Amino acid sequence: IRNCDWSSDVCSSDLDLSSLTAGTPVALAGTTLQGSAKPGISFGPDGLLYLNVQGAITQLHPATLAVLNTVATGGYPGKPSFSPDGAAGVTANQLASGWSAQVLDLAQFAVSGTFQIYPTVPFSRVIYVDASRVYAISASKRSAYKFDPRAPNESLEVLNFGTAYDAVTTNEATQIKYLMVASGGQVTQID
């Protein structure tokens, strides 16, 4: 078997996209664009699909597209970032008003914490690293932030990376090893 870090029996390298046919689409509410805010879809570490739409995150079964859960978030959440164990997630508000980020309890499928910066700083990307660290990038403010998802409003730290405009983590299965931050014409590796 190929080296795959999926919770399913199939690796992406096993898929033959040329033989696939489109199934019946499933209509979902809240998928309208609002300014630059847009819906998105991502896979969680549990193998389920997560659709971010206006005011909610919806969990879907990938084979049937059946809606399994929906959590009301308000605002317009971005694609969620998940803890390596799949127990929690975090999402950024794509709108420049209201909450900045929300922590999701995936076992209860509920918002477990709301993070607010005044005046509102819209995050373009949030990255759930572990139980005590979430990194956030605001492309519009060119800033990077770190907070503890267990107490997001009490733990805000502005990081000094110059003009940060994006970030990504490496893909180790059990623990993320590095955070890469793109800022001011360079990439910085944080471990």
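Predicted model: local features only at pLDDT ≥ 70, side-chain atom pairs only at ≥ 80, totals over all residues.
**Notebook: strands, rings and cores**

I started at M180, which stands opposite Q189 in strand 15. My strands are DSSP runs of E with at least two residues, numbered from the N terminus (helices would be H or I runs of at least four). Two strands count as paired for me if DSSP finds at least two bridges between them.

Residues are numbered from 1 along each chain as its sequence is written, and side-chain values use heavy atoms, with hydrogens and water left out.

**Around strand 14**

I looked at both partners of strand 14. Strand 15 (residues 186–190) runs antiparallel to strand 14, and five bridges join them. The two make a hairpin with two residues between them, and G184 in the turn has a positive phi of about 50 degrees. Strand 13 (residues 164–169) also pairs with strand 14 in the antiparallel sense, over five bridges. There, A167 stands opposite V181.

Is strand 14 mostly covered or mostly open? Four of the five residues in strand 14 (residues 179–183) are buried, so I noted the strand as mostly covered. Buried is under 20% relative accessible area, exposed is over 50%, and partly exposed is in between (1.4 Å probe, protein chains only).

Next I checked F161, in the loop between strand 12 (157–159) and strand 13. F161 counts as buried because its relative accessibility is 16%. Leaving aside neighbours within four places in sequence, F161 is in contact (heavy atoms within 4.5 Å) with A144, V181, S183, T188 and I190. F161 and A182 are 21 residues apart in sequence, yet 8.5 Å apart in space, C-alpha to C-alpha.

**Rings**

A pair of aromatic rings is described by the distance of the centres and the angle of the planes. Rings of Phe, Tyr and Trp (its six-membered ring) pair if their centres lie within 6.5 Å; planes under 30 degrees apart are stacked, over 60 edge-to-face, the rest tilted. How many aromatic pairs does this give? I get three. One of them is Y50 with F82, a tilted pair at 4.8 Å centre to centre and 55 degrees between the planes. Y50 sits in strand 2 (residues 49–53) and F82 in strand 5 (residues 81–82), 32 residues apart. Y50 is buried at 1%, and F82 is buried at 12%.

F123 and Y145 have ring centres 5.5 Å apart and planes at 55 degrees, so this pair is tilted.

F109 has a positive phi of about 45 degrees, in the turn of the hairpin of strands 7 and 8.

**Cores**

A nonpolar core here is a set of buried Ala, Val, Leu, Ile, Met, Phe, Trp, Tyr and Cys residues joined through side-chain atoms within 4.5 Å. Which members of the largest core touch the most others? Of its 15 residues, they are V90, A101, F123, V126 and F147. Strand 6 (88–92), strand 7, strand 9, strand 10 (133–138) and strand 11 each give two or more residues. Strand 6 gives the largest share, three residues. Apart from this core lies another, of twelve residues, among them I127, A144, I176 and V181.
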